[in-house]
Amino acid sequence: MAILEKNFECCQRDELGQLQLERLQSSLNRAYKSVSFYRHIFDQKKIVPEDIRNPSDFRHLPFTARHDLQANYPYGMFAVPLREVVRIHTTTETSDTPTVIGYTRNDLKNWANLIARFLTAAGVTDEDVIQVSFHYGLFTGAFGLHHGAERIGASVIPASSQQTDKQIRIMQDYRSTVLATTPSYALILAERLEALGIDPKTLMLKKGLLGAELWSDKTRRDIEQRLFIETFDSYGVSELMGPGIAGECSEHAGMHIAEDHFLPEIIDPLSCEVLPPGATGELVLTTLTREAFPLIRYRTGDVTSLDYSPCACGRTMVRMQRVTGRTDDVLIVKGINILPQYIETILLEIEGGVPHYQIVARRDHNRDSLEVRVQVPENVSFDEIKYQELFRERVRTTLSHRLGMRVEVKLLERKTLEDELKKSGKVLDLRLL
Ligand SMILES: [Zn+2]
């Protein structure tokens, strides 16, 4: 399988280390000189970028978190004047303050190049017809794939978020060979094809470039069998660039991180200690080439591990494993890690369960307890105490059983719960107050 930029993708690890250090110094300088948030941090710690001469010096720098970006909304983290910014995207939160991300001309060039590396690693060529079924908008996914695909000369169809039947029509009539979308939408397409009685083997589709959400090996097998395609996993973070930070090669054994553009670290999300190679923890990334939006030690909140062993494809860039979870909303109660997504899954499984909920951890007399606040089901009036009680008890016993600990459940009216969520978020840890 071809390699687009062999001089970078296959370079010796010691040469890579040298390149990273040079680029890191220039990136730190840019951040120090042009972003008051970073200048303040450096000044407070009484260090200047020139003091950072090796990885251990670098570890003295504090992390950048999502809330830092939100606090500097909209343009506070930009390192160049707006006249040098040629593109603006945002993160996808709907209820929160989004993060506004800027790109210079060079940033866009690097971005397209990194996507082109991933496409080449997946065996995509200028003979291919790529159907980009990511939504074209402020979200980074569609545009990232689009320009990378043009960069390698493939034919790009910006199918965006057209209705599923139209997507299928495009796939059939325009003979798409590659589908770029989320794993969950790939499954929706598979279901619809089955419902319409269309055999995927009659399509020209050969590959799926999937990403932008958490997915399992089981989902992957399911998609590959039902759409009759080979899938390639990719990793992106909008705040840092978008997709293209890491992508899978034909070995399907992890995603190669573009280490000449992003410096990865794995930390323990609680102690913030840097973990040794191979350990599972939170991925932290530092941009090495971003001009408009340099980020130092950005906590992605994604849980993964790094594999530095040589890959059979010949690339020397480290491979990250598929992201297995998020760290930011994890609650540890009585030694049990409570993941909001898990509670959400259980609530959705309960008949009448609703996706609106809030998880509250308390501590009374040194004893921790967990309460889940759930919305009264739409079909039950708030005044029907008996039905409400039955529903509450069912949620309580199911959650307690599945989490292996006692859980209290409180029912709230929709409006009250929405107000609570607005005020305190999905996870409220009263033990921290
Ligand atoms: Zn490889």
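Ground rules, before I go on. This is a predicted model, where local features need pLDDT of at least 70 and side-chain atom pairs count only at pLDDT 80 or more, while totals for chains, interfaces and linings use all residues. Residues are numbered from 1 along each chain as its sequence is written. Strands (E, at least two residues) and helices (H or I, at least four) are DSSP runs numbered from the N terminus, and two strands pair if DSSP finds at least two bridges between them.

Next I checked S18 (residues 357–364) against S21: they pair in the parallel sense over 3 bridges. Ile 359 has Val 427 of S21 as its bridge partner.

Then I looked for helices on the sheet. Contact here is C-beta atoms, placed from the backbone, within 7 Å. Axes are lines fitted to C-alpha atoms, for helices over the stretch in contact, with angles from 0 to 180 degrees between N-to-C directions.

Moving to another helix pair, I found H8 and H9 (residues 183–195) packed at about 80°, axes 10 Å apart. That makes H8 and H9 roughly perpendicular (65 to 115 degrees). H8 brings Thr 164, Gln 167 and Ile 168 to the contact, and H9 brings Ile 188, Leu 189, Arg 192 and Leu 193. I sorted the contact residues into 4 nonpolar, 2 polar and 1 charged (Ala, Val, Leu, Ile, Met, Phe, Trp, Tyr, Cys and Pro count as nonpolar, Asp, Glu, Lys and Arg as charged, the others, Gly among them, as polar).

Most residues other than glycine have a negative phi, and most peptide bonds are trans. Ser 160, in the loop between S4 (155–157) and H8 (164–173), has a positive phi near 50°. Arg 175 sits in the loop between H8 and S5 (178–181), with a positive phi of about 55°. I also noted a cis peptide bond from Tyr 73 to Pro 74, omega near -5°. Pro 74 is in the loop between H5 (66–71) and S1 (87–90).

Methods. Angles under 35 degrees count as roughly parallel, over 145 as roughly antiparallel, 65 to 115 as roughly perpendicular and the rest as oblique. Two residues are in contact if their C-beta atoms, placed from the backbone, lie within 7 Å.
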